[in-house]
Amino acid sequence: PMPGVVLSIDASVGATVHRGDPLLVLEAMKMKNALGAPRDGIVAEIMTEVGQQVKYGDALIRFEEMA
């Protein structure tokens, strides 16, 4: 949701997450921002890596629906 650098990734592909679960930490403007899951789902793909600079609107994690 904001430009910054990915400091850590707390989810893994195949993990079941619930709304609000921590997914990754992004450093923006010298502040650490923990990003949580926007909804329940399964992590299908992680499209970033630690140390990567991301821009506003970049997709970071893709979810698949829970059965």
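1. Strand 1 (residues 4–9) and strand 3 (residues 22–28) are paired in the antiparallel sense through four bridges. Strands here are DSSP runs of E of at least two residues, numbered from the N terminus, while helices are runs of H or I of at least four residues. Two strands count as paired if DSSP finds at least two bridges between them. Within this pair, serine 8 stands opposite valine 25 in strand 3.

2. The model is predicted: local features need pLDDT of at least 70, side-chain atom pairs count only at pLDDT 80 or more, and totals for chains, interfaces and linings use all residues. Residues are numbered from 1 along each chain as its sequence is written, and side-chain values use heavy atoms, with hydrogens and water left out.

3. The overall make-up is zero helices and seven strands. Read along the sequence, the pattern is β-β-β-β-β-β-β. Strands of a sheet pair through backbone hydrogen bonds, either parallel or antiparallel.

4. On one flank, strand 1 pairs with strand 6 in the antiparallel sense over two bridges, and valine 5 stands opposite glutamine 53 in strand 6.

5. Strand 3 is also joined to strand 4 by six bridges, and these two strands run antiparallel. Proline 22 stands opposite glycine 36 in strand 4. The hairpin of strand 3 and strand 4 has two residues between the strands, and methionine 29 takes a positive phi near 55° in this hairpin.

6. Three strands form another open sheet, in the order 2-5-7, and the pairing is antiparallel. Its edge strands are strand 2 (16–17) and strand 7 (61–64), each of which pairs on one side only. Strand 2 is joined to strand 5 (residues 41–46) by two bridges, the two running antiparallel. Here threonine 16 stands opposite isoleucine 42 in strand 5.

7. Which residue forms a salt bridge with arginine 62? The partner is glutamate 45, and the closest N and O atoms are 3.1 Å apart. Because glutamate 45 lies in strand 5 and arginine 62 in strand 7, the pair ties together parts that are 17 residues apart in sequence. A salt bridge is defined as a side-chain nitrogen of Lys or Arg within 4 Å of a carboxyl oxygen of Asp or Glu, and the count by this rule is one. Side chains of opposite charge can pair when their charged atoms come close.

8. Glutamate 45 is partly exposed, with a relative accessible area of 32%. Arginine 62 is partly exposed as well, with a value of 42%.

9. Not counting residues up to four places away in sequence, threonine 48 touches Val6, Ile9, Leu24, Val54 and Leu60; contact means heavy atoms within 4.5 Å.

10. The largest nonpolar core has 13 residues, and Leu23, Ile61 and Phe63 have the most contacts inside it. Strand 3 and strand 7 are the elements that give two or more residues to this core, and the largest share, three residues, comes from strand 3. A nonpolar core is a set of buried Ala, Val, Leu, Ile, Met, Phe, Trp, Tyr and Cys residues joined through side-chain atoms within 4.5 Å. Leaving aside neighbours within four places in sequence, phenylalanine 63 is in contact with residues including Val17, Leu23, Pro38 and Ile42.

11. Lastly, the chain as a whole. Of the 67 residues in the protein, 30% are buried. The C-alpha atoms fill a box of roughly 40 × 20 × 20 Å, taken along the principal axes.

Notes:
Buried means under 20% relative accessible area, exposed over 50%, partly exposed in between (1.4 Å probe, protein chains only).
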